[in-house]
Amino acid sequence: MNINNRVAFITGASSGIGKAIAKKLSETGCKVILASRDLKKLNALKNELVGESIVVEVDVSQTESVAKAFKKARVAFGKIDILINSAGVMPLTYLKNRHLDEWLQTIEVNVKGCLRCIHAALPSMISNKQGHIINISSVDGKEFYKGGAIYGASKSAIIALSKAMRMELSPDYNIRVTCIEPGTVDTNLRDSITDEELLNDKDYDNEDEPKLNANNIADAVLYALNQPENVNVNELLIKPTNKQ
Ligand SMILES: NC(=O)c1ccc[n+]([C@@H]2O[C@H](COP(=O)([O-])OP(=O)(O)OC[C@H]3O[C@@H](n4cnc5c(N)ncnc54)[C@H](OP(=O)(O)O)[C@@H]3O)[C@@H](O)[C@H]2O)c1
């Protein structure tokens, strides 16, 4: 698909990976819908972009909020060609410390948030028999570690979901589905960790860990989107070169 003039709805556009994707898609001529809870950050980003864009407030953990945001996007642009599910949280915790609220929030945002956006984007894609849904999962959905049980489960769910989505949506409706699985990326994602024991654990000392940057992931998204229409990039697992 030629992505020039396509309409892309990007969740998590206020920060990190989603923001880098929004910039890159806008540079390539996409009309972008910048979505997250933080209107101030989204408006600042909108001011940086030269192409057409709108800002929509969305809390992906709320069904009504997602429905309202997509309605606003449809009114502005009439359709959604591309959905980028980048909104996510990562409040890692050890299970024994029982941070139930954070566990549930992880599933609410990373899994159910993704489902809410897919639900809202599908009508336009199905009726146009064209679309591309890109789910930002994680290498943590394949490689597990202590403290990452719930986050890993949420990202595994997205990998499984993406596979099944392709079976139902790609052949019949020409909707491509790509699952991106980044290793550690230099963003603010880990700032929400509250489990003191985990933060003070030597095993969780990630200061010197090799990291990707958000643009590396945006380039991967662009690669998947820019393939000819008969090419469905299923999965991209991306790690820093200096990491096993
Ligand atoms: N950084 C990494 O190492 C890494 C590695 C693999 C995968 N990932 C995945 O990449 C995605 C983006 O993460 P990032 O690294 O870019 O982190 P980030 O900089 O912290 O960005 C997270 C984004 O998610 C949005 N968000 C969080 N809760 C939300 C909610 N309830 N409703 C709407 N938006 C919400 C935030 O926007 P607001 O706060 O403005 O709402 C923000 O834009 C996540 O799915 C993450 O799991 C990240």
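Predicted model: local features only at pLDDT ≥ 70, side-chain atom pairs only at ≥ 80, totals over all residues.
Residues are numbered from 1 along each chain as its sequence is written.

So, β5, residues 131-136. Six of its six residues are buried, meaning 20 or more other C-beta atoms, placed from the backbone, lie within 10 Å of their own. Both faces are covered: G131, I133 and N135 on one side, H132, I134 and I136 on the other. By the way, strands here are DSSP E runs of at least two residues and helices are H or I runs of at least four, numbered from the N terminus.

What does β5 pair with? On one hand there's β4 (82-85), parallel, over four bridges, with I84 partnering I134. Then six bridges join β5 to β6, also running parallel, and I136 partners I180 there. Pairing takes at least two DSSP bridges.

Now the ligand. 29 residues surround it, and the closest are G16, R37, D38, G88 and T187; the C-beta, placed from the backbone, has to lie within 6 Å. Helix α1 (16-27) gives the most to that shell, three residues.

Last, the asparagines. N174, in the loop between α5 (149-173) and β6 (175-182), has a positive phi near 60 degrees. N5, before β1 (7-11), has phi near 75 degrees. N5 counts as exposed because it has 11 C-beta neighbours inside 10 Å, and the cut-off is 12 or fewer.
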